[in-house]
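Let's take a walk through this protein together. Keep the sequence and the 3D view at hand as we go.

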Amino acid sequence: MEQDSVRSYRLRGSRITGPQQSALDKYWAIYGMAYSESSIDIPALFPHAKNVILEIGFGMGEATALIGRDFPETGFIAVEVHKPGIGKLMARIEELELSNIRIIEGDAHPILRTMIADSSLDGVHLFFPDPWPKKRHNKRRIVNQAFLELIAPKIKKGGFLHIATDWFPYAEYIQEVFTPSPLFTGGVVDRPEWRPVTRFEGQGITKDHQVTDLRYFKV
Ligand SMILES: C[S@@+](CC[C@H](N)C(=O)[O-])C[C@H]1O[C@@H](n2cnc3c(N)ncnc32)[C@H](O)[C@@H]1O
């Protein structure tokens, strides 16, 4: 896959546990998809879904699996670059007997560009994106003007992008990007009950480490 935008994720080793690898081996054909240059047939993936949500960077998929369980009428397309998390989420999907989650392995940028058709998403979840706190790394943050322009056409009018971050300066930065944009309206919201607590939440709340939820609607 061509690296056509700034790399917003950290490169990690390929260490994967036995159970994660075995979930990948067993369930890839059912739940997994590799990057492809053609758009995916979303209605065919979730023929009975009332709406479809894309999650970008699900990590180990703890929140993804629980939200999938709690919203059985929604189809979830979950994107992640790291194989251990993909294996882990596949194992959770099996454990919880979920039929409404599919996983795409790869960088969300090219995936959005080619695999996700315009106006095909009711919503996007972006939970605890890598904050890249050092000034010289700020440009690696996934949320920026180019991302906003890439994601906006993919979301239906009135659809949403929900972001949660535990890095307060990133929350401020997200508002700086979104507030002037004519493509979205919205801002900081109360923590929604439907978003499960993940390990990023509640770890030593300081000024910089308070969790902020932001919800933007496509105009
Ligand atoms: C800090 S973790 C948060 C994981 C998860 N959302 C959670 O709340 O536990 C950020 C995740 O986003 C993934 N990520 C970052 N940039 C990405 C991209 N461009 N495409 C796909 N995944 C990405 C990283 O690999 C990492 O797993």
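Where is W132 found? Look in the loop between β5 (121-127) and α6, and there is W132. Bear in mind that this is a predicted model, so everything we meet here is computed from it. What makes W132 worth a stop is its backbone: phi is near 40 degrees, a positive value in a residue that isn't glycine. Is W132 buried, exposed or something in between? It has 19 C-beta neighbours inside 10 Å, so it counts as partly exposed, since being buried would take 20 or more.

A second residue with a positive phi is E97, with about 55 degrees, and E97 isn't a glycine either. You'll find E97 in the loop between α4 (83-95) and β4 (101-105). Because E97 has 7 C-beta neighbours inside 10 Å, it counts as exposed.

Now let's step back to the domains. The domain assignment of the protein gives two entries: domain 1, made of residues 22-35 + 49-107, and domain 2, covering 118-219. Their C-alpha centres lie 20 Å apart. Where they touch, domain 1 puts in 12 residues and domain 2 puts in 13 residues. The largest share comes from β2, with 6 residues.

Our last stop is helix α7, residues 168-178. Four names to pick out here are Y170, A171, I174 and F178, which are buried. Why do they end up on the same side of α7? They cover an arc of only 105 degrees around the axis, and that puts them on the same side of the helix. The general rule behind this is handy: an α-helix has 3.6 residues a turn, so residues three or four places apart point the same way.

The face of α7 turned away from its buried side carries E172 and E176, which are exposed. And what covers the buried residues of α7? The cover includes α6 (145-151), β6 (155-165), β7 (184-189) and β8 (212-218). That brings us back to α6, the helix at one end of the loop where we found W132.

Terms used:
Residues numbered from 1 in each chain as written. Predicted model: local features only at pLDDT ≥ 70, side-chain atom pairs only at ≥ 80, totals over all residues. Buried ≥ 20, exposed ≤ 12 C-beta atoms within 10 Å, placed from the backbone. Helix = DSSP H or I, 4+ residues; strand = E, 2+ residues; numbered from the N terminus. Arc of directions from axis to C-beta. Contact = placed C-beta atoms within 7 Å. Domains from an automatic or database assignment.
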